[in-house]
Amino acid sequence: MEFDTVLSLRKSVRSYTEEPVSEEDIRALIHAAQESSVGHHNDKGYALVVVRDPSVLKRISTEGGEKAGKPHMIYEAPLLILICRTKDVMENLEGFDAGIIAEHIHLKASDLGLSSVILFGFIRLLGKDADYLKMLKLPEGVTPLLAVAVGHSQLSGKARKEDRHFAVIER
Ligand SMILES: Cc1cc2nc3c(=O)[nH]c(=O)nc-3n(C[C@H](O)[C@H](O)[C@H](O)COP(=O)(O)O)c2cc1C
């Protein structure tokens, strides 16, 4: 797909069908993440966790409902990619790096005709002691910074309604 078309189709989708994301598309999303820029070449500061297990995805929704009264924080998406820090992360860079990695996945999803949304809310609300994390049994020191939910949209793939309106200051 033309890069400008990928950008114009990029949008946050919060309503998914039950259709799973194919293995081939998952590999393409991970490959796109692996093409990210990352501060100080610190590849070992991050790990990607691919979550397809319906019981883990369900647990996140249930915990969101129980702990925060928000049972739809991952919008019933069939796939979640967690961008995690490891014990080797550089803390002053982790937010930037995670955002860049997430955007690579989000844009690649657009390129593949998939839908996605970057998510921080459930990670912040459920915290480090969340049950879904216990179910994932991640290696020591590996904790989520940001996530991208991916799937097939319930709506047709129209372009985004509007662009951002950032102030642009020129000198
Ligand atoms: C760092 C970051 C965290 C986000 N976290 C959430 C979230 O927890 N839940 C959610 O529904 N959307 C989340 N979003 C999506 C934004 O709300 C979304 O980009 C915004 O609604 C604009 O819509 P658009 O992406 O379709 O242009 C997040 C986006 C970013 C970049």
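Where does alanine 159 lie? Alanine 159 is found in the segment after strand E4 (143–151); helices (H or I, at least four residues) and strands (E, at least two) are DSSP runs, numbered from the N terminus. This is a predicted model, in which local features need pLDDT of at least 70 and side-chain atom pairs count only at pLDDT 80 or more, while totals for chains, interfaces and linings use all residues. Residues are numbered from 1 along each chain as its sequence is written, and side-chain values use heavy atoms, with hydrogens and water left out.

Alanine 159 counts as partly exposed because its relative accessibility is 44%; buried means under 20% relative accessible area, exposed over 50%, and partly exposed in between (1.4 Å probe, protein chains only). Between alanine 159 and serine 55 there are 33 Å in space, C-alpha to C-alpha, and 104 residues in sequence.

Which residues are around the ligand? They are Arg10, Lys11, Ser12, Arg14, Tyr75, Val117, Ile118, Leu119, Phe120, Gly121, Arg160 and Arg164, where a residue is near a molecule if one of its heavy atoms lies within 4 Å of it. Strand E3 (residues 115–119) gives the largest share of this shell, three residues. By class, the shell has five nonpolar, two polar and five charged residues; Ala, Val, Leu, Ile, Met, Phe, Trp, Tyr, Cys and Pro count as nonpolar, Asp, Glu, Lys and Arg as charged, and the others, Gly among them, as polar.

An N or O atom in the side chain of serine 12 is 2.5 Å from an oxygen atom of the ligand. For the side chain of arginine 10, the distance from an N or O atom to a ligand oxygen is 2.8 Å. A polar backbone atom of phenylalanine 120 is 3.1 Å from a nitrogen atom of the ligand. The protein covers 60% of the 630 Å² of accessible area that the ligand has on its own (Shrake-Rupley method, 1.4 Å probe).

Tyrosine 75, one of the residues around the ligand, lies in the loop between H3 and strand E2 (79–85). Tyrosine 75 has a positive phi of about 55 degrees, although it is not a glycine. With a relative accessible area of 23%, tyrosine 75 is partly exposed.

Lysine 137 also has a positive phi, near 50 degrees, in a residue other than glycine. This lysine 137 is in the loop between helix H6 (131–136) and E4, and its relative accessible area of 70% makes it exposed.

Key: Polar contact = N/O pair within 3.5 Å; in protein donor to acceptor, adjacent residues only side chain to side chain.
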